[in-house]
Amino acid sequence: MNNQIRIEAGYRVHINSIDMNGSLRRACGGIGFSLEEPKIKLVIERVTDEGTYSHEILRNITGVIKRKWGINGKYRIICTSSLYSHVGLGSETQLNFMIAKGLLALNNMNVSTYEIAKTLNLANTSGIGYGSFDGGGLIIDLGYPLRPGQKPFAEHSDIPPQVVMNYSAPKNWKVIIIIPNNVKSLSGKIENDFYEKITPVDMKDAQEICYDIFMGILPSMKENKFDNFLYYLSRMSELGTKRYELEINERITTEILNLLKEEFDFAGMSSLGPTCYAFFDEHERQVNLRHLSKKFPNCQVFVTNIRNRGVQIYG
């Protein structure tokens, strides 16, 4: 019997939601992508002595998972990478999936990612983290159907959304990630109250976002037309709830976005922030990580790729 598993998953960037109007029987949906760096690495081990955890959130998640599936025994769960929580990169979703997959595998229980999401009420508003875990790449989810009388955005879905695409990105399209130190995003009830306050957005925004995705971003990636890709990303980043998400962030996020736009022609913010991102074409220019780190002091800086694969499990 195998008593240890190592598991690795990428963080995700959430670019924008698709339909935050919700007047036509569906709501939410979204577009985002998985990251090669930073990534989350866990070691999950069955032990005979007292279970230990490198972070309290790992203990809390493990307790829920053990109860849901009736798993017994004690475990040591250690995060061997940096853990970036509440910065708009979807860490909690990834940790839930990773610990569930690890514990279930150690107990010879074969459960799909979809069933894990459904059992743990994960991805009940956005499927980007779910899609990132399962397949990586550029991810599009189709939102969820609204029940009769259901109030969009105030009441979440009871089933995970359908992920329609995990599209592999060109290797020469590099991603810059900037995470400000000591700045956190909204979460929990405060986050829910924020979205209830700013929704529904205008249906015209939802329609334009759909056009930008399916007639702009996807063809640009398929045809490897980097300038067109940035053009449609820029358009979409000013629509829907994104304008309000940008408004509530601290000044440092605005400063980072402005500096990135000056140098890379486009800058976006993941989810509710504060993490910012940009792209460049490696065939057209080179970017020095040391130079970027000096330009963005008091930040974690990464030059990476879209991760064109899902979770990796070893052991």
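Tutor: Helix 1 (residues 56-69) and helix 3 (residues 113-120) have axes that come within 11 Å and cross at roughly 100 degrees (axes are lines fitted to C-alpha atoms over the stretch in contact, with angles from 0 to 180 degrees between N-to-C directions; helices are DSSP runs of H or I, at least four residues, strands runs of E, at least two, both numbered from the N terminus). That makes helix 1 roughly perpendicular to helix 3 (65 to 115 degrees; under 35 is roughly parallel, over 145 roughly antiparallel, the rest oblique). This is a predicted model, where local features need pLDDT of at least 70 and side-chain atom pairs 80 or more, while totals for chains, interfaces and linings use all residues. Residues are numbered from 1 along each chain as its sequence is written, and side-chain values use heavy atoms, leaving out hydrogens and water.

Val64, Ile65, Lys68 and Trp69 of helix 1 meet Ile116, Thr119 and Leu120 of helix 3 (contact: heavy atoms within 4.5 Å). Five of these residues are nonpolar, one is polar and one is charged (nonpolar: Ala, Val, Leu, Ile, Met, Phe, Trp, Tyr, Cys, Pro; charged: Asp, Glu, Lys, Arg; polar: the others, Gly among them).

On to the aromatics: Phe33, Trp173, Phe226, Phe229, Phe266, Tyr277 and Phe279 form one cluster. Both Phe229 and Phe279 are buried (under 20% relative accessible area with a 1.4 Å probe, protein chains only; exposed is over 50%, partly exposed in between), and Trp173 is buried as well.

Methods: Phe/Tyr/Trp six-rings, centres within 6.5 Å; stacked < 30°, edge-to-face > 60°.
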